[in-house]
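I opened this entry to record what I looked up on strand pairing, helix packing and the nonpolar core. The sequence and structure are placed here for reference.

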Amino acid sequence: MPDRVRSGIRACTPSLTRRALLGDIAALALGAASPFAFAQHDAVGLVTPPLRLDDIVLVDQTGKTRRLNEVLRHGVTALQTVYTGCGTVCPLQGALFSAVQKRMTSIRTRHAVQLLSIGINPLSDSPQALHAWLAQFEAGPSWIAATPTLADVDKMRVALSGSKASASDIADHSTQVYCFDANAMLRWRSADLPRVNDVCDVLGALALT
């Protein structure tokens, strides 16, 4: 496992209170500043005001068609963007979510906590490819993957990043993690390849609100 990911694997506890979430969560992003910078993005930390993304159509790893906001309302969600043909940063992202998954059971919650990997190459991120990608990281039932339509993928990437610029090249995609509350509102954007503990802290704080 890469050192960057291994260094974040410690006890995952909800050390952030609701006040910390609303007032100090941006400090997590600064503390998690990554030496990697794979894509341009304008916003890191607390999303103020919280943002609801357009309710686009997704196809998940089972081939089921779903609506984005319906998926997000299943619980507090950590979302990442990947593509299944990626052999560079996406395996690091998979290892990151695998580590978060192992710590999720220790998070005290009022809401379910889930992980969502969004495929950003609709031409190749088929249900079969998503299923195989998840299997590499021993994804459990609380970790799903899904791909938007070609018409929606760039719009979604721009909304997630907080940038007004067009989405960057697919090979230079963001390695941020985006955390949503149980009302499907985007509340936090991480730095690139954040620490496992930082993602867990934010999920824990959101799951208690």
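**Parallel strands and crossovers**

I began with strand β4 (residues 76-82), which pairs with β5 in the parallel sense over seven bridges. The model I am reading is a predicted one. Within this pairing I looked up Gln-80 and found Ser-117 of β5 as its bridge partner. I then followed the chain from β4 through α5 to β5 and noted that this β-α-β crossover is right-handed.

Next I checked how β5 pairs with β6: the sense is parallel, over four bridges. Here I found Leu-115 opposite Trp-143 in β6. I also recorded a right-handed β-α-β unit made by β5, helix α6 (residues 127-136) and β6.

**Burial of β5**

Is strand β5 buried or exposed? I found seven of the seven residues of β5 (residues 113-119) buried, so the strand is largely enclosed by the rest of the structure. I sorted its residues by direction: Val-113, Leu-115, Ser-117 and Gly-119 point one way, Gln-114, Leu-116 and Ile-118 point the other way, and all are buried. I note that side chains in a regular strand alternate between the two faces of the sheet.

I compared the length of helix α5 (residues 90-103) with expectation: its 14 residues should span 20 Å at 1.5 Å a residue, and the end C-alpha atoms are 20 Å apart, which agrees. I found α5 mostly covered, with eleven of its 14 residues buried. The buried set includes Leu-92, Leu-96, Phe-97 and Val-100.

Which members of the largest nonpolar core touch the most other members? In this core of 52 residues, I found them to be Val-100 and Leu-203. Helix α8 (residues 196-207) supplies the largest share of this core, seven residues. Leaving aside neighbours within four places in sequence, I listed the contacts of Val-100 as Leu-115, Val-196, Val-199, Cys-200 and Leu-203.

**Antiparallel strand β2**

I found three bridges joining β2 to strand β3 (residues 65-67), with the two running antiparallel. Leu-58 has Arg-66 as its bridge partner in β3. The two strands form a hairpin with four residues between them, and I noted a positive phi of about 90 degrees at Gly-63 in the turn.

I also found β2 paired with strand β6 (residues 143-148) in the antiparallel sense over three bridges. In β6, Ala-146 is the residue opposite Asp-60.

Definitions and conventions. Residues numbered from 1 in each chain as written. Predicted model: local features only at pLDDT ≥ 70, side-chain atom pairs only at ≥ 80, totals over all residues. Heavy atoms only, no water. Pairing = 2+ DSSP bridges. Core = buried A, V, L, I, M, F, W, Y, C linked by side-chain atoms within 4.5 Å. Buried < 20%, exposed > 50% of the residue type's maximum accessible area, 1.4 Å probe, protein only. Contact = heavy atoms within 4.5 Å. Expected span 1.5 Å × (residues − 1). Right-handed = clockwise from strand over helix to strand, strands pointing away.
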